[in-house]
Structure formats: structure tokens, C-alpha cells
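Visitor: I'm new to this one. Could you show it to me and walk me through it?

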Amino acid sequence: MSDSVQEILDVPRDFINDGLQFMRRSQKPDRKEFIKISQAVGVGFLVMGVVGYLVKLIHIPLNHLLVGGA
């Protein structure tokens, strides 16, 4: 019984230890790395916006053809 309880208690303890080890190893990005990440995120937003716009652009006439002008 004690062995199974110990196994259950080991899971959160290992998770916390792994998280602390990750936090100790991580560091803030320098200015160059931050700008590169920001540009990648901006391009991603732009691409997703264009895709959404194109889907909407195709969906409206298609909906009118299929459903009618209701």
C-alpha cells in the first residue's frame, strides 16, 4: 500500500523538479532573437488573416448559390 502511495506522490514531485530545472536553464532572449520571433509571429498573423479573408470571400457567393438569396 505504501509503495503505491509513494508512486502517486512521485508524479507531482517529478513534474515540479522538471519545471524548476527548465526555469533554471532558460534565459531571456536577446534583442535580435526577440525581433526575429516577433517577425515570425507577425507573418503568421498576416498569413492567417489572408487565409481567413479568402475563405470568407469564397464562402459568401457559394452560400448564396447553395442556399439562395434568403
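Predicted model: local features only at pLDDT ≥ 70, side-chain atom pairs only at ≥ 80, totals over all residues.

**A guided look**

Guide: Let's start with a pair: D10 forms a salt bridge with R13, and their closest N and O atoms are 3.0 Å apart. A salt bridge here is a side-chain nitrogen of Lys or Arg within 4 Å of a carboxyl oxygen of Asp or Glu. Residues are numbered from 1 along each chain as its sequence is written, and side-chain values use heavy atoms, leaving out hydrogens and water.

Visitor: How many salt bridges does the rule give?
Guide: Side chains of opposite charge can pair when their charged atoms come close. D10 and R13 form such a bridge. By the rule, the count is one salt bridge.

Visitor: In which helix do D10 and R13 lie?
Guide: Helices (H or I, at least four residues) and strands (E, at least two) are DSSP runs, numbered from the N terminus. D10 and R13 are three residues apart, about one turn of the helix. Both lie in residues 2–25, which is helix α1.

Visitor: Is D10 buried, partly exposed or exposed?
Guide: Buried means under 20% relative accessible area, exposed means over 50%, and partly exposed is in between, using a 1.4 Å probe and protein chains only. D10 has a relative accessible area of 28%, so D10 is partly exposed.

Visitor: What is the radius of gyration of the chain?
Guide: The chain has two helices and zero strands. The globule rule gives 11 Å for 70 residues, and the chain is well over that, so it is more spread out than a compact globule. The radius is taken over C-alpha atoms, and the rule is 2.2 Å times the number of residues to the power 0.38. For this chain, the radius of gyration is 25 Å.

Visitor: What box do the C-alpha atoms fill, and what share of the residues is buried?
Guide: Taken along the principal axes, the box is roughly 70 × 45 × 10 Å. Of the 70 residues in the chain, the buried share is 0%.

Visitor: Which residues form the nonpolar patch on the surface?
Guide: Patches take residues with over 30% relative accessible area and no salt bridge, joining like charges within 9 Å and nonpolar side chains (Val, Leu, Ile, Met, Phe, Trp, Tyr) within 5 Å. Together the members here have about 1100 Å² of accessible area, from the Shrake-Rupley method with a 1.4 Å probe, where for residues only the protein chains shown count as cover. They are L46, V50, Y53, L54, L57, I58, L62, L65, L66 and V67.

Visitor: Is L65 buried or exposed?
Guide: L65 lies in helix α2, residues 31–67. I58, another patch member, is in helix α2 too and counts as exposed at 57% relative accessibility. At 72% relative accessibility, L65 counts as exposed.

Visitor: How many Å separate the C-alpha atoms of I58 and D30?
Guide: Take A40, placed in helix α2: its C-alpha atom and that of D30 are 10 residues apart along the chain and separated by 16 Å. I58 and D30 are 28 residues apart along the chain. Their C-alpha atoms are separated by 42 Å.
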